[in-house]
Amino acid sequence: MLSSLLEGVLIAFSWPVVGWMVVGLLVGIFCGAMPGLGASLGMALALPLTLPLDGPSAIILLVSIYSGAMYGGSIAAILINVPGTAAAAATTIDGYPMSKQGKATNALAISATSSALAGFLAIIVLFLLSPFLVEIVLAFGTPEYFLMAILGLAMITIITRGSLVKGLAAGGFGMLFTVVGVAPMNPEDRFTFGSFLLYDGLSYIAALIGLFAIAEMLKLSSESGSISDGFDISGSKREGFQTAIKNSSIIGKSSLIGMVVGAIPGAGASVSTFVSYGETMRSTKDDSKFGHGDERGVVAAESANNGTISGSLIPCLSFGIPGSSATAVLLGGLIMHGLLPGPGLFEENLHITYSLFTALFLGNIIILIVGMVLITRAGYVTRIDTNYLIPIIIVLSLAGGMALRSNWIDVFTVVFLGIIGYYLKKNNFSLIAFVLGAVLGPIAEENFVRSLQLSDGSPIIFLTRPISLVIVILIFVIIFGPVVKRYREQ
Amino acid sequence: MKVNDTWLETIDSETIIIISSLLISAFVFYRSFEFDFAASVFPQVVSGTLIILTMLLLLESKLPKPLQEIVSESVDLTEDLVSDEAEMIESEVSSNEDLDSDVEGTTTDDTISEKIHSREIFGVLISPLAFTTVLIVVYALLSYLIGMLYITPMFVVIYGYWFNISYKSITILAVLSTVIIFAFTWYLFLPLDEGYILRELGVV
């Protein structure tokens, strides 16, 4: 394990990996700061461009975009009261009032410092947890991996606060998307209609680009315009930095809250930041300033959202269950580069997992430096008219679709799923559930069929092992628990 | 006529999505019996489940009340995690955001934007959403037929013209987007400089 750790650290510090990390962070900060873009869109657009890169470089680039976007989201939240990402929604509560009080620089410095320190802490905890994760992951077999995919779908459906049936239907539709092409366990082509273009199936990466990029551009095109007319950035970086350091206990607590909540599939930073904000309010004697520019509110929210990154990596890397839409794209990137989540990432590819953790660790230093240096320029990003970005992102999306396999089916998949995605979202079908279904479909099918083959077609195999039985019970509790709870309350 | 109008009124985008999902899953379920066990069992389970779920959504209003509540009502496991105070603030903040997607709306008045960028063509008022949707589909089709490298600047110019972007900015965007496609063609060796028609005519 120590040799893997050393190898991972060396990978993260090697060239051009460090270069990709910096590029990823800058792209992420830009995407996060632009309301309407966000981590998942930036990562989805970058996915096809990572094809020529080696696995570690590609994954570190993607995770750096994710990390940068988490910090970048606070810029628009603080300066113009519009969270760049859902994770920054809680930052607006005290960040924007601070800007109105002439302390925008303080708030941005608090955000950069808290994000970086919380990120450090969460990564250290993740490093310490990894030996235990290895034990857990290795205890899982074929039936358990199939059941974990179903558990992930059920959890995401419920935690994204929509209709359970709609969420499951979206996930099922995502899985159905993957049955086109040659079957994973039998060389038989399915639903190709005789077309050679469909022989390799539909690309889930093209689906990701369509759902996250094109669907968002369609939404933005009907509401686009300049985000902000401008805002004078005043205040003190030094004071902001000192305030964050003074509240290091809040940083520690919020980072851990972010990590724990982030590890729950589907919960993500939008939940963890509010949990952390609420906990900071509860544990503070004088909470009257919260909501009116209390610096502790910004510290709590920003610490939690960066802590969430490490937490969301736990189910993603261990069981292939993404904690958020951004980790769903990351999962897509892992699979695209042949890095299957599960035992592989904790055995033969453990060095890559450690290089990812190290990159996140280093990324926090860069976030701190970039955040402190570029604070006075941060406002420019929020003034870009989205009308200028929409055509460029559409062009990048379609070219990115073509880059996947030089197959025009992928380009049309991007367009088709972009349009479908817009209407799915408009009608409250969970996009994350659809993506999870599409990404996990082949893995779920492989494990499902293999389990049935092992048991001569008997589904009892999913109940015979203690771990699988626990997962089945969890699935039932998650799906039927809220229904039973409601009837008991009535 | 009145019956038709009433029937049409019930057809919205949600109904179309549900009916399409039902038809696709029914097709997959039916056709999957043609394959061997290893290739058919997963599509059968997924499409079978999807048929049940979409039927529940489609017949929601006709279901018994307890079942109707399960189908229609939202469930939330996080309500116990978030404190009351934070939840109150969250509900205020989330009034202009979409928590599910990690993506936020802008502060611009959507209705005003819709009105400004809507245009009448042959007596039909085209919304920005409809225009962008059609433009993207046409862009993809023409890219396939002629070549993305040649169609991209035209796409950007038409988009920019519709959304009242200044000529200077349109020019910059068109050049930038062409450079992007050229970079994809050169860097990833993609055939973006050729299309079906050009290939058939022997031009490329």
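Biologist: How many salt bridges does the structure hold over all chains?

Modeller: This is a predicted model, in which local features need pLDDT of at least 70, side-chain atom pairs count only at pLDDT 80 or more, and totals for chains, interfaces and linings use all residues; side-chain values use heavy atoms, with hydrogens and water left out. Residues are numbered from 1 along each chain as its sequence is written, while chains are lettered from A and ligands numbered from 1 in the order in which they are written. A salt bridge here is a side-chain nitrogen of Lys or Arg within 4 Å of a carboxyl oxygen of Asp or Glu. Over all chains, the number of salt bridges is 12.

Biologist: How many residues apart are Glu445(A) and Arg190(A)?

Modeller: The side chains of Glu445(A) and Arg190(A) form a salt bridge, at 2.7 Å from N to O. This pair links distant parts of the chain, with Glu445(A) in helix 20 of chain A and Arg190(A) in strand 2 (residues 189–190) of chain A. Helices (H or I, at least four residues) and strands (E, at least two) are DSSP runs, numbered from the N terminus. The separation of Glu445(A) and Arg190(A) is 255 residues.

Biologist: Are Glu445(A) and Arg190(A) buried or exposed?

Modeller: Buried means under 20% relative accessible area, exposed means over 50%, and partly exposed lies in between, with a 1.4 Å probe and protein chains only. By these terms, both Glu445(A) and Arg190(A) are buried.

Biologist: What is the relative accessible area of Glu216(A)?

Modeller: Glu216(A) meets Lys219(A) in a salt bridge, at 3.9 Å from N to O. The two residues are three apart in helix 9 (residues 204–221) of chain A, so about one helical turn separates them. Lys219(A) counts as buried because its relative accessible area is 16%. Glu216(A) is also buried, with a relative accessible area of 3%.

Biologist: Which helix of chain A gives the most to the nonpolar patch?

Modeller: Patches are made of residues with over 30% relative accessible area and no salt bridge, like charges being joined within 9 Å and nonpolar side chains (Val, Leu, Ile, Met, Phe, Trp, Tyr) within 5 Å. Accessible areas come from the Shrake-Rupley method with a 1.4 Å probe; for residues, only the protein chains shown count as cover. Ile460(A), Leu463(A), Leu469(A), Ile473(A) and Val477(A) form such a nonpolar patch on the surface, with about 430 Å² of accessible area together. Three residues of the patch come from the helix that gives the most, namely helix 22 (residues 466–489).

Biologist: What is the relative accessible area of Ile460(A)?

Modeller: Ile460(A) is placed in the loop between helix 20 (431–454) and helix 21 (461–464) of chain A. Ile460(A) counts as partly exposed because its relative accessible area is 49%.

Biologist: What is the positive phi of Asp456(A)?

Modeller: Most residues other than glycine have a negative phi, and most peptide bonds are trans. Asp456(A) is found in the loop between helix 20 and helix 21 of chain A, and at 75% relative accessibility it counts as exposed. Although Asp456(A) is not a glycine, its phi is positive, at about 55°.

Biologist: Where in chain A is the residue Pro16(A) placed?

Modeller: The peptide bond from Trp15(A) to Pro16(A) is cis, with omega near 10°. Pro16(A) is in the loop between helix 1 (2–13) and helix 2 (17–33).

Biologist: How many helices and strands does the secondary structure of chain B come to?

Modeller: From the N terminus on, the elements of chain B run α-α-α-α-α-β-β-α-β-β-α-α-α-α. Chain B has 204 residues, of which 40% are buried. Its secondary structure comes to 10 helices and four strands.
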